[in-house]
Amino acid sequence: MRKTLALAFAALLAAGLLGGGKALAGTSLLETGSTLVYPLMNLWVADYQRAHGDVQITTQGTGSGTGISQAISGVAQIGASDAYMADAQMKNSPMLNIPLAISAQQINYNIPGLNAKHLNLSGPVLAGIYSGAIKFWDDKQIAEMNKGVKLPHNQIVPIHRADGSGDTFIFSQYLSFSTPSWSHGPGYGTTISWPSVSTAVGATGNPGMVQTCQNTPNSIAYIGVSFLDETNKAHLGYAALKNRSGRFVLPTASTIHAAASSLTSKTPSDERISLIFAPGAESYPIINYEYAIVNPQQGDAAKGAELKKFLTWALASNGGQQAKFLNAVHFLPLPEKIVKLSKAQIAKIK
Amino acid sequence: MASMDIRVGDTARAVSPAALQRTGSQTILTVLTGLAALASFAIIFLILFFLVAYAYPAIRFNGLGFFTSMIWNIGNQYGSGTISRAGFSAQPGASFGALVFIFGTVVTAALTMVVAVPLSLMVALSLVYTVPRRIRPIANALVELMAGVPSVVYGLWGMVVLVPWIGTKLAPWVTTHFGFIPFLGGSAGSGNGLAASVFILALMVIPIMVATTRDVILAQSNSLFEASMALGSTSWQAMTRAVLPSVRGGVVASVLLAFGRALGETMAVLMVCGAAINSFPQNVFGPVNTIAAVIVSQLESALTDASGMAQRSLAELACSLFLITLIINVVARGIMRGADRREGRAA
């Protein structure tokens, strides 16, 4: 029944799009999904359409889960997602997972008097905070890695995403990969069953995370790097995180790049791989590919051709990978080898 | 929804079909209104039918644990294999317990009514009897304006203004000075939680209740109030002992309408409730979560559950909300009927 419903809905929407699209251009494409990718897509599409007036691309920021499911149902040609698809989903509906850019996540906090400092935090400490084992900012485990910092004896308010989110996915992956007890407990996913912590608060969307963290003294939150300008404006502090080599690193272009390059050679041809907790002394531990989820069987030949053209442009160094686009959302361009893999995947679109 | 039925029923009773002349146009009107009345039943029945049919795998998979467990876990979407119960499968580690959300829904709505009902009645009565005639149109317009403000606007105000105020001023003050009273002590929290939800919901339902009760009181002839005053009662006595009992049916209908709104409000609550998961609030400032809020916040991830059980369980949550609304309506009507019978009125 789900399929019929989805089909009916797709037909309705397609009819609407075609009806509206006819007046504007020949072919129309719909991109929907991740709200982290959405601002980048808008920059890309605005620029792309100046040179390619014959295709009409509509963008929507709806969330990664919606992006994936609408790419599967055929409503959208591009489903943007912060997370690669799980094996179980791929078995039901094989899709292409094509990386478009590299994103990262910072751990923000609002500790009165300490926000100008970069605290050192590790996966196990964050797992302790989010599971309620570490309750106060001056806990021994936090103090140990922040010698010389005067930590207050205030109760920590851990903020997590209430809605399904790629940010929850990569954050919980960092906790899972660095902390065995977390991996056997809550695990990772776009929504996880958060341990019961009496001070814990759920917030909706990255704007909600920024807002709640800013309003709540002694809180901690995980926020996508696209919101760096907002978190800076809110005067939130952000942490240096302990990486696999045991070093504390800040999220900078060079540490994000280091982490991405360390896993370039390990990226499989279907490009579904986690970049979390990458090896390397300089690697920042929470980075990820932003994906375009695309159905290889487009059905409509004209749509398929336009889709390939747009995705190829998005991956080109003189196209979508230019700094003027990526810098606006603090994303990094894909390494050359990943672009090659992505191009091979794009070639499969029919 | 059911509160609307009461109003439809009242009108039907007032204009008896037998008393109407049977002309051609009258027959057409009777058929059309009959069809419309039938459609309202059919639509509710169809919604319920499809909801239950869609939720059926979840109802079987979750069993009674759905109502008794407080652990909500859609399972590991990146895990391998599936778990299955009663012939239906879900992601590994999945457990769908709605107790936290059912508790949050009922408690926020009930506390909202505790705050909103007395306030609304007082405002409605004063709008009819005590507010100076010159100011009345302005006051009425303001009430209607408040009733028309979209809920997300209340939510935004709650998130930006109310929640920080509760978190930094009200909650610390209350927990320090009144901490000895149960459910007022303990952690002051972040401001997101039960108190903020109730505050926002009360702001949203009070205008609705004021507008509807005011209209019911206005529809009642003024003679009751005047007769009561002539017999020497104070205006307070006239309002509470003569006017209010006479419009009880309308007041209950408006309370039910407001209760339904409070139970089902989604966006504004989601923005201020703290989205609790797997935990109950420690005091009135603690985070809660409601069925409506959790459906909208979890849908996104549920869509990525290849087994589909997370979506089905959200549908089961929706069924529970339907059921809660139904139970409350039936109970309220039962109370009304009982009261009427005691006083020897026709039910």
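What share of the contacts in chain A with a separation of 6 or more is accounted for by residues 24 or more positions apart? The share is 74%, where a contact is a pair of residues whose C-beta atoms, placed from the backbone, lie within 7 Å.

## Basis of the model

This is a predicted model, in which local features need pLDDT of at least 70 and side-chain atom pairs count only at pLDDT 80 or more, while totals for chains, interfaces and linings use all residues. Residues are numbered from 1 along each chain as its sequence is written, and chains are lettered from A and ligands numbered from 1 in the order in which they are written.

## Confidence

The model scores ipTM 0.81 and pTM 0.85. Chain B has a mean pLDDT (the predictor's confidence in each residue, from 0 to 100) of 88, and 93% of its residues reach 70 or more. Within chain B, helix α1 (residues 2–14) has the lowest confidence, with a mean of 47, and helix α3 (residues 65–68) the highest, at 95. Over residues 1–6 of chain B pLDDT stays under 50.

## Chain A

Chain A contains 14 helices and 12 strands; these are DSSP runs numbered from the N terminus, H or I of at least four residues for helices and E of at least two for strands. Its radius of gyration, taken over C-alpha atoms, is 21 Å, close to the 20 Å that the globule rule gives for 350 residues, so chain A is as compact as a globular protein of that length. The rule is 2.2 Å times the number of residues to the power 0.38.

Of the 350 residues in chain A, 53% are buried. A residue is buried with 20 or more other C-beta atoms within 10 Å of its own, exposed with 12 or fewer, and partly exposed in between, the C-beta atoms being placed from the backbone. Asn42(A), in helix α2 (residues 38–51) of chain A, counts as partly exposed because it has 14 C-beta neighbours inside 10 Å.

Leaving aside neighbours within four places in sequence, the contacts of Ile200(B) include Tyr154(B), Leu162(B) and Val272(B).

## Contact between the chains

In chain B, 36 residues are in contact with 34 residues of chain A. Elements that each supply at least two residues of this side of chain B include α6 (151–177) and α12 (291–302).

Definitions and conventions:
Two residues are in contact if their C-beta atoms, placed from the backbone, lie within 7 Å.
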